Amino acid sequence: MNFFEVSVSFLSLAIKFSTVFLFGATGEIINQKSGHLNMGTPGIMYFGALGGVLGERIYIMCTPATAPLNPFLIVLIPVLFAVIFGAFGGLIFSFFTVTLHCNQNVTGLTLTTLGVGVSCLFISGMPMDRMAEAGLQMQSAFPDYQKLGWFGEIFLSQSWFTYLGIAIAIATAIIISKTKVGLNLRAVGENAAAADSAGINVNAYRYIATIIGGAIAGIGGAFYELDKTKGMFNIADGIDAFGWLALCIVIFSMWKPLIAIFASFGFACLSILPSFVTGNDYITYGFKMLPYVATLLVLIITSVINSKKAQAPASLGVTYFREDR
Amino acid sequence: MVSPPALLITFMENIRFENITKIFGSIVANNNVSFSIDTGEVFCILGENGSGKTTLLNVLAGIYKQDEGRVYINGKEVNINSPKDAYAHKIGMVHQHFKLVNVFTAFENISLGSKTKYTVQQVVDLCNKYGFKLDPFKRVYDMSVSEKQTLEIVKTLFRGVDTLILDEPTAVLTPQEITHLFDIIRNMRKDGKTIVIITHKLNEVMEISDRIAILRKGEYITTVKTSETNEKQLAELMVGHKIDLNIHRSKIPTTGVRLHIENLSAVNRDGETAIKDISFDLYGSEILGIAGISGSGQKELLETIAGLNRETNGSIIFTNPKKEQPVTFFHKNIKQIRELAAEGKFHLKDGSRCDLTNKSNKEVTEMVNNEEIIFYEDEIIDLKYKKPIEIRDLGIKLSFVPEDRLGMGLVGSMDLIDNMMLRSFRKGHAGLLDRKKPAALAQKIVDELEVKTPNIHTQVKKLSGGNIQKILVGRELSSRPKILMTAYPVRGLDINSSYLIYNLLDEQKKKGTSIIFVGEDLDVLMALCDRLLVLSNGHISGIVDPTKVSKEEIGLLMTRG
């Protein structure tokens, strides 16, 4: 392979990777805009992965062993399960922080531990026959992309999950910045007491935002897990790594889903770089550190810039209880 | 024909509280409160801090739910569970801590959460109608406190409220802004609105209200007509016994310059310039008041003098009144004493030259302990290169009382003795703590300042705000400071304790201490201080003699530039 071909396959793979980041980051942005610092996102993405695998397994079990699998249903059913499982993760988080007034950090970290543990336990015990099918069916959204040369290879070879992820990010951006619901959501995240006194149901907004965010993050987890059987993601360590970096992308993109699209791509590039360089372990592991080094740089840069407009939602991480004194 | 007057009264009545009780944990915030507010009047709820004024009105605004009792509006019992319900009954509240979204514009804040869509023109029209000055496109974080308050009121009026509750609306305003606010309140009353004002300021109550309800320790005392009462009577109703409302300002000559500050600039924690080009002298035996809108650099100025802020320009020169005083080990070690002796700063008790070069450490120690080595002149010390702890040891005490009273001065989870020891833990023998002296000091403060505490082993956080304040101020005064800096020392205190603190400061002044007093109540500042330094936006807009200027002139200085 010459350099050009390597570059094309690198960029193509980076976009694929960025999809997982983007789902996680979009979900987390919706969470954080409501004032929920949901550190359970890595766990919620694992929940989504479990939902995806479980959905596929159930569909396979309901189909006779000899009958062909419906290419549409074998993707749709896992996605629906992932949405439900991810939403459930968001529901757990909201229940603890909104209804029980628990500390958001503790709840989030616990949720991550729970999600990773439970999902790994069940996924590893799952029979794997015919499970590669979903991964195969969701490969390319546009079958004839090769006709367009490198452009098609990079931009049109992707799974429809990728285009869905971008569409969701754009839709989220529009809803947050242009609609009344978005204004109310931002108010809840900025100053819950102000929103409350303006007659906005803070608890409802936080519940719904967290559940929707969880559902979106869950799709990301499922995409990763279903595609993994094709052997594409063997260089990453686990979904939780994606989840943590998604949290960082949220900061990097200054809580703007449109920037998150590009930030996800950047972090994806850094994540897959190790598999494109040859050398001893030191070099490989050195490159593997890049996303985390970038995270630190992001934090330094954002703290130096310290602009009033690019700040985290002011009530981020603050549990709201009206009768607090 | 008995009914018409009765009918008239029921028609006039707007809101009625009946046996409202609200309990937080073990604290009874409101106990069996019953009274009524009429339509179209300016009604003041008067009471000291902690008397349950805000809690009661929060029940009406849907923030709190009462544990017992009923609320009636226009004679009908209502159930208000949220601010939304309150709006449905045309009741809106402007809280003391504004409920605004900082990154939103004024217009966005106004339209937040409302079902109907407003236009900017409607906002402008409403502002013109009542005389508000508001830029609908300004973001809240760029607004002054007064603008934020205006926005809060406009926001509430836009919800079509008939009853507007204002919680301590004048606490953060300059005299001019207060006058403007009162004009607006009168305009609103003309328009038929009912305005309920929560306050503890007697002069403002007299100026603006029609009727006054007085609360004391969570209980309703009485309602009086403003036209039939006076400040003295109100104060007595508020406190429950006769009180003396005079602040003493002892007239004594000042001694020399204690602190010389020149071109001092400093940044705050966010890296923004907080104070710039501050220059003033502080004399012995004087109280220098610092007036200004909150956030004008008061906190940073005090912190900079105390050495807590490192990023500064300019000089802070402290003159330690040591002339003809014996040197001590209090802030000098043996090496420094030898160096100063070599420079010829000392003479011996008998007037002869002080030469320590041939003396052993033991001999020098003995001489110092016998107070044989005497300073020729006052010590001139540049504070800029001193650590906070060295500055403290020089006798420059910061009794900073931030909004969070426990934050900078006391540790809530420790008892009174341990909190005394925060200032003396370095004293003791062979690494063991001496607890006897702090215990005696704690007991002395409790006795002298009438601190209400079960005993000196009680955790500080379990005491009420006023008592915590007394401990903090008492501890700082006990160390015989040369310069005492104190900010908002009476915030949250009842009238009695406030006057106790004022008198303590005056006593301290008589003993020769220089006092910097940052206050928020202009009346108090003008009555207590010898000179008044007005800060505006981080620089000095004037240093005035409070006996020679009016409140309005100071107000103008507060907002200049």
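Modeller: Helices (H or I, at least four residues) and strands (E, at least two) are DSSP runs, numbered from the N terminus. This is a predicted model: local features need pLDDT of at least 70, side-chain atom pairs count only at pLDDT 80 or more, and totals for chains, interfaces and linings use all residues. Residues are numbered from 1 along each chain as its sequence is written, chains are lettered from A and ligands numbered from 1 in the order written, and side-chain values use heavy atoms, without hydrogens or water.

Biologist: Which helix gives the most to the lining of the second largest cavity?

Modeller: A cavity is a set of points on a 1 Å grid over the protein atoms alone where a 1.4 Å probe fits but cannot get out; lining residues have an atom within 4 Å of a point. Strand E8 (194-199) and helix H8 (202-208) of chain B each give two or more residues to this lining. The most, three residues, come from H8(B).

Biologist: How many residues line the largest cavity?

Modeller: Among the lining residues, Ser197(A), Pro83(B), Tyr87(B), Met93(B) and His95(B) lie nearest its centre. Helix H3 (83-88), strand E6 (91-94) and helix H6 (145-158) of chain B each supply at least two residues. The lining of the largest cavity counts 14 residues.

Biologist: How many residues of chain B are in contact with chain A?

Modeller: Contact means heavy atoms within 4.5 Å. Chain A brings 22 residues to the contact, and chain B brings 28 residues.

Biologist: Which element gives the largest share of the side of chain A that touches chain B?

Modeller: Helix H8 (180-190) and helix H9 (192-197) of chain A each give two or more residues to that side. The largest share, six residues, comes from H8(A).

Key. On a 1 Å grid over the protein atoms alone, a cavity is a set of points where a 1.4 Å probe fits but cannot get out, and a pocket is an open set with protein on both sides within 12 Å along at least five of seven lines; lining residues have an atom within 4 Å of a point.
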